[in-house]
Amino acid sequence: MADVAIVGAAEADAGADEEIDLAALGDDDLIAQMHDDLYDGLGPEIVEGTELLLGRGWPADKVLNEALVEAMRIVGIDFRDGILFVPEVLLAANAMKAGMEILRPLLAETGAEPIGKIVIGTVKGDIHDIGKNLVSMMLEGAGFEVVNLGINTDVDTFLAALDEHRPDILGMSALLTTTMPYMKVVIDTLIEKGLRDDYLVIVGGAPLNQEFGEAIGADAYCRDAAVAAETATDLIRARRGAAT
């Protein structure tokens, strides 16, 4: 009887693990499944779902917004609320990146505009980049064009990137208390050159807080990647709304 029970349990497990045939799903069910798959960090499934929707005549921007961006929004909420943690969010972001590799050239062909553009880097003296890379992925998932400058970024590199890419937002990250003050160096340099009003500035990193962000003259302090994506979107909309 014990052997029969073991076999029955194994068969039940096999049935539970049976792969879903994405191609057999209707559009609404496929979108819902892609949300689950992205949440679980299943890159190959996201690629398959993306290709299926495109094959059904969905425009690239609709696939992006309804399948990928919406799924990443859910991931961001659960990350913010402590339900998901950094490793899980990185898996989800990488799954979205796999879908974006398919969509990006199609979006470029249609001339679809991103929400905005951001130049982001870890400041001079700091070589930590996991948090900054996670922010970059979340921002891309929210519809931003992201220029990631990497680590140990000095003021001249920031200025050159701003001049080349003309972003809406400058993002700076620091994980060391000793490198935090360099953020003010960058902001003060923008002020000296008369460029401060040209860019929104957001800052983040484990040792930072709201008071520090205000003290150095940043437009916003972001405590985590999910908040950064929300804050960047809100800042862009507020600035463009004020300009109309």
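## T179 and its surroundings

Setting aside neighbours within four places in sequence, T179 touches V123, K124, G125, D126 and A174. One of these residues, D126, also takes part in a polar contact: its side chain and the side chain of T179 come to 2.8 Å. The model described here is a predicted one.

T179 sits in the loop that runs between β3 and α8. Its relative accessibility is 5%. Buried means under 20% relative accessible area, so T179 counts as buried.

## The protein as a whole

The secondary structure consists of ten helices and five strands. Along the principal axes, the C-alpha atoms of the protein fill a box of roughly 80 × 45 × 25 Å. The protein has 244 residues, and 43% of them count as buried.

Taking contacts between residues at least 6 apart in sequence, 71% join residues at least 24 apart. The structure contains zero aromatic pairs.

Helix α4 covers residues 60-80 and helix α6 covers residues 130-141. The two pack with their axes 9 Å apart, at an angle of about 140°. This angle makes α4 oblique to α6.

On the α4 side, the contact is made by V69, M72, G76 and F79. On the α6 side, it is made by L134, M138 and G141.

E101 belongs to helix α5, which spans residues 86-110. With 47% relative accessibility, E101 counts as partly exposed. In sequence, E101 and V47 are 54 residues apart, but their C-alpha atoms are 8.8 Å apart in space.

## Around helix α7

A161 is placed in helix α7, made up of residues 155-165. Its relative accessible area is 4%, so A161 is buried. Apart from neighbours within four places in sequence, A161 is in contact with V119, L149, R166 and P167. A161 and G205 are 44 residues apart in sequence, and their C-alpha atoms are 21 Å apart in space.

R166, one of the contacts of A161, lies in the loop between α7 and β3, the strand of residues 169-173. Is R166 buried or exposed? Its relative accessibility is 55%, so R166 counts as exposed.

Most residues other than glycine have a negative phi. R166 has a phi near 50°, a positive value in a residue that is not glycine. N152 also has a phi near 50°, again positive in a residue other than glycine.

Where is N152 found? N152 is in the loop between β2, residues 144-148, and α7. Its relative accessible area is 44%, which means that N152 is partly exposed.

P181 lies in helix α8. Its relative accessible area of 47% makes P181 partly exposed. The C-alpha atoms of P181 and I216 are separated by 8.2 Å, although the two residues are 35 places apart along the chain.

R196 is located in the loop between α8, residues 181-192, and β4, residues 200-204. Its relative accessibility is 13%, and because buried means under 20%, R196 counts as buried. A polar atom of the R196 side chain lies 2.9 Å from the backbone oxygen of G217. With neighbours within four places in sequence left aside, R196 is in contact with I187, L190, I191, V201, G217, A218 and D219. G217 is therefore both a contact of R196 and the residue whose backbone oxygen lies 2.9 Å from a polar atom of its side chain, a distance within the 3.5 Å cut-off for a polar contact.

Definitions and conventions
Residues numbered from 1 in each chain as written. Predicted model: local features only at pLDDT ≥ 70, side-chain atom pairs only at ≥ 80, totals over all residues. Heavy atoms only, no water. Helix = DSSP H or I, 4+ residues; strand = E, 2+ residues; numbered from the N terminus. Buried < 20%, exposed > 50% of the residue type's maximum accessible area, 1.4 Å probe, protein only. Polar contact = N/O pair within 3.5 Å; in protein donor to acceptor, adjacent residues only side chain to side chain. Contact = heavy atoms within 4.5 Å. Phe/Tyr/Trp six-rings, centres within 6.5 Å; stacked < 30°, edge-to-face > 60°. Axes fitted to C-alpha atoms, helices over the stretch in contact; angles between N-to-C directions. Parallel < 35°, antiparallel > 145°, perpendicular 65-115°, else oblique.
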